[in-house]
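Hi,

Please have a look at it first and then read on.

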Amino acid sequence: MSAASTIRHDWTLSEVRELLNLPFNDLVFRAQQAHREYFDPNEVQVSTLLSIKTGACPEDCKYCPQSGHYNTGLGKEKLLEVEKVLEEARAARSKGATRFCMGAAWRSPSKKDLPYVLDMVREVKSLGLETCMTLGMLTPEQAGELSEAGLDYYNHNLDTSEKYYSHIITTRTYQDRLDTLANVRQAGMKVCCGGIMGMGEEEDDRAGLLLQLATLPDHPESVPINMLVKVKGTPMESVEDLDPFEFVRTIAVARILMPASHVRLSAGREAMNEQMQALCFLAGANSIFYGEKLLTTDNPEADADRELFRRLGIKPEALATNHTDDDEAAVLAAQLEQEKTRHLFYDAANS
Ligand code: SAM
Ligand code: DTB
Ligand code: SF4
């Protein structure tokens, strides 16, 4: 492997700042180079999200429609039944998603709820889908149980720089988040960790977040870059828009710093036009949330995303073939299933 291909964990803040400030064309060119060393540039991974427990969260994250501290008009819902989750997972699979991400508005999972969540992991996994959960903070024991049940990814975002963090959340610390990430790693799961742009932060906060992610002992396998979805009733409902090019720059720098990770163009696509999304793919984004809802807010219609892929010649990334003996049968079944659903994209891509 050439020196340029080496994955680095020793990036410095001045390097990250320099990258963020490159002339736009130079930055995107470098991001494309990095992208092509590790990925097919015309493939994008597709995940579908489901809120398994909505609203009345005790945390005070200023961006979040689900925080019980703000009145956003969201009702409080109980943890969904396992059967309902499975129904949604089957529907996502039949539309061509390969990963199913389940999110709960919790500070951390309770002793009472965890067994149900473990069942969800086992059952969704038996459909051959990759599984991801985001349930708040985890102890080493909880992370161990989720890993044991077969959970592939755990999403836990740092959200912003350490410096800006206390302007956004006061009910848990940056260090709490780093501790959960370490517990997830220690338990052998893949890490999904990123942040939100457009929360009134400065460029240096975006640099600080990217640096933190890129200097973790192992890069997160998945790096969601969210554009703030401004929800009425949250303290961020009327924060000033971020310059869209700054968002694209953030994606490009994430791609350069963590070249082997999937960078997800995450929340906020509903408010982006197709040209903006294409720029994000050009800058190295290679994963999206697919399906009409994120957790509680709208995402583009699945048909519209397939049409966008067609126009850009993008294909959905196939399920990974490396798997353990334990889930071999399920993965093979899912790959067959995926062959059936790929026509949804391919027919469009070839027409
Ligand atoms: N409660 C768990 C937690 O916070 O760890 C899991 C669910 S939480 C909704 C998952 C992530 O969604 C947050 O960390 C945040 O990055 C993202 N998110 C929440 N509200 C958002 C918004 N309005 N715009 C963009 N991203 C948002
Ligand atoms: C992530 O980084 N973004 C997703 C997922 N991980 C869990 C969540 C976005 C939520 C947007 C607001 C909502 O729909 O409630
Ligand atoms: Fe709760 Fe997660 Fe929303 Fe924060 S981001 S308020 S922890 S659901």
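In this predicted model, N226 has a polar side-chain atom 2.8 Å from an oxygen atom of ligand 2; a polar contact here is a pair of N or O atoms within 3.5 Å, and within protein one must be able to donate a hydrogen and the other to accept it, while residues adjacent in sequence count only if both atoms are side-chain atoms. N157 also places a polar side-chain atom 2.8 Å from an oxygen of ligand 2, and for T297 a side-chain N or O atom lies 2.8 Å from an oxygen of this ligand. The protein covers 88% of the 400 Å² of accessible area that ligand 2 has on its own (Shrake-Rupley method, 1.4 Å probe; for residues, only the protein chains shown count as cover).

There are 14 residues around ligand 2, and N157, N226, L295, T296 and T297 come nearest; "around" asks for a heavy atom within 4 Å. By class, this shell has 7 nonpolar, 7 polar and no charged residues (Ala, Val, Leu, Ile, Met, Phe, Trp, Tyr, Cys and Pro count as nonpolar, Asp, Glu, Lys and Arg as charged, and the others, Gly among them, as polar).

On the numbers: residues are numbered from 1 along each chain as its sequence is written, and chains are lettered from A and ligands numbered from 1 in the order in which they are written. Local features need pLDDT of at least 70 and side-chain atom pairs pLDDT 80 or more, totals for chains, interfaces and linings use all residues, and side-chain values use heavy atoms, with hydrogens and water left out.

N157 turns up again at ligand 1, with a polar side-chain atom 2.8 Å from one of the ligand's oxygen atoms. D159 has a side-chain N or O atom 2.7 Å from an oxygen of ligand 1, while W106 uses a backbone N or O atom, 3.2 Å from a nitrogen of the ligand. Of the 550 Å² of accessible area that ligand 1 has on its own, the protein covers 91%. Its shell divides into 11 nonpolar, 5 polar and 2 charged residues.

Where does ligand 3 sit? Ligand 3 sits in the largest cavity, and the residues around it include C57, E59, W106 and R172. A cavity is a set of points, on a 1 Å grid over the protein atoms alone, where a 1.4 Å probe fits but cannot get out; a pocket is an open set with protein on both sides within 12 Å along at least five of seven lines; lining residues have an atom within 4 Å of a point. A molecule sits in one if more than half of its atoms lie within 2 Å of its grid points.

The largest cavity has a volume of about 830 Å³ (grid points are joined across faces, edges and corners, and the volume is the space filled by probe spheres set on the points). Ligand 1 and ligand 2 also take up space in this cavity. It is lined by 41 residues, with Y63, C64, N155, N157 and L295 nearest its centre.

The second largest pocket has a volume of about 420 Å³. L49, L50, E88, K293 and L294 are the closest to its centre among its 23 lining residues.

Best wishes
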